[in-house]
Amino acid sequence: MSEIIKQQAPLILAEIKKAKNILLHCHPKPDPDSVGSALAMKFALEQLNKKVTLIQGDSEIPKAFVFPGVEAIVKKSYGEIDSTQFDLFIILDSGSTDMVSFRANPVFPENMVTIVIDHHASNKGYGKINCIDSNYPATAQLLFDLFKEMGIKLNHDIALNLFMGIYTDTGGFKYRSATADTLEVAAELARHAPDFTETIFTMENSNTKETLLYQGLALSSIQEFCGGRLAISAISYDQLQKNNIKEEDYSGITISNILKSVVGFDVAVGLVERGPLNVGVGLRTRDSEKYDVSKLAVALGGGGHKSAAGAKLKMSLSEALEKVVKTAEELYNF
Ligand SMILES: [Mn+2]
């Protein structure tokens, strides 16, 4: 049990007990740690007889996330609700206020207490109460410990939501962040939710034909630079349109992650021209000590982690490709 949680749990519980109307949200482009943590928290608060509203935030929840309670998520962003109606906002898995909403700088009314619960190392703590511990591989695993401290009883729906958050944020228990503790927590959750494999199956096998087409097009466009150590795939807006590939077909696919699997592709870059002068850049590396891709991302105006980062470039696809190659060459001395 983390010291931070031991300290913060009583303070968090006190605020929850005081609150009459509690708000929860999912972060933009939500992943299962965001959605699963928010749903688990909603069930936990309802166990304490609290009135809770969970909004989807800026993005729609992917259809493949068939988690318990997902149908009750309100399809509104933070800017579309009257935040003055809520006296407590529990903000989960969101490293900065950008993750509350990208659309406008979110304003928190004075009567609304904010509690930030997160595992991102970059989180500076922008809530009244901050429960941030980057030793946890997932917000969902942090919540498992927090719920224990708060006396919340695990049930099937809480357990399955927490399980999906932990499973995904650890890459299916494959990332270095996964530990023996993670597996123990997962085992206890799985005992409450023995149907976890069905939810994983649906999440990982809900592709459209266009999803595969996108991967095919992207993977057949690979170009190598810097003696083969820098690999870049690029897909144009024109190709997306001609093949009827929509954002929801490719939003869950990270091409740079697939490129990274090739021995020798030390720095892997996926470029997608989402629209005119709007190029998404995905960055991955096999060796984050030698090639910290967060530095490349920052140089391109984005951000992220050492081994996984990204940026957005407001230029044409060919200009973006040139810029990435030039910036990487300067940065890494290939
Ligand atoms: Mn997370």
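Leaving out neighbours up to four places away in sequence, K42 contacts L24, V52, L54 and A72. The model in which these contacts occur is predicted. K42 belongs to helix α2, which covers residues 32-47. With a relative accessible area of 12%, K42 counts as buried, because the cut-off for that class is under 20%.

**Helix packing**

Two packed helices are described by the angle between their axes and the distance between the axes.

| Helix pair | Angle between axes | Distance between axes |
|---|---|---|
| α2 and α3 | about 20 degrees | 9 Å |
| α4 and α6 | about 50 degrees | 10 Å |

How are α2 and α3 oriented to each other? Angles under 35 degrees count as roughly parallel, so α2 and α3 fall into that class. Their crossing is left-handed. On the α2 side the contact is made by D33, S37, A40, M41 and A44, and on the α3 side by T139, A140, L143 and F147. Sorted by class, the contact of α2 with α3 consists of six nonpolar, two polar and one charged residues.

For the other pair, the angle of about 50 degrees between α4 and α6 makes α4 oblique to α6. The crossing of α4 past α6 is right-handed. From α4, the residues L160, F163, M164, Y167 and T168 meet F196, T199, I200, M203 and E204 of α6. By class, seven nonpolar, two polar and one charged residues make up the contact of α4 with α6.

F196 is one of the α6 residues in that contact. At 22% relative accessibility, F196 is classed as partly exposed. Not counting residues up to four places away in sequence, F196 touches L160, F163 and A190; L160 and F163 are among the α4 residues that meet α6. From F196 to E248 the separation is 52 residues in sequence and 24 Å in space, C-alpha to C-alpha.

**The manganese site**

Which residues coordinate the manganese ion? The donors are D33 (OD), D93 (OD), H119 (NE2) and D169 (OD), at 2.2 to 2.4 Å. Along the chain these donor residues follow the spacing D-x59-D-x25-H-x49-D. Within the set, D93 and H119 link distant parts of the chain, being 26 residues apart. D93 sits in the loop between β3 (88-92) and β4 (113-118), and H119 in the loop between β4 and β5 (129-132).

Are D93 and H119 buried or exposed? D93 has a relative accessibility of 1% and counts as buried. H119, with a relative accessible area of 11%, is buried as well.

**Around Y175**

Y175 is placed in the loop between α4 and α5 (180-192). Its relative accessible area of 45% makes Y175 partly exposed. Between the C-alpha atoms of Y175 and A234, which are 59 residues apart along the chain, the separation is 26 Å.

Notes
Residues are numbered from 1 along each chain as its sequence is written. This is a predicted model: local features need pLDDT of at least 70, side-chain atom pairs count only at pLDDT 80 or more; totals for chains, interfaces and linings use all residues. Side-chain values use heavy atoms; hydrogens and water are left out. Axes are lines fitted to C-alpha atoms, for helices over the stretch in contact, and angles run from 0 to 180 degrees between N-to-C directions. Helices (H or I, at least four residues) and strands (E, at least two) are DSSP runs, numbered from the N terminus. Angles under 35 degrees count as roughly parallel, over 145 as roughly antiparallel, 65 to 115 as roughly perpendicular and the rest as oblique. A crossing is left-handed if the near helix is turned anticlockwise from the far one by less than a right angle, and right-handed if clockwise. Contact means heavy atoms within 4.5 Å. Ala, Val, Leu, Ile, Met, Phe, Trp, Tyr, Cys and Pro count as nonpolar, Asp, Glu, Lys and Arg as charged, and the others, Gly among them, as polar. Donors are N, O and S atoms within 2.8 Å of the metal (3.2 Å for Na, K and Ca); water is not among the atoms, so sites may look incomplete. Buried means under 20% relative accessible area, exposed over 50%, partly exposed in between (1.4 Å probe, protein chains only).
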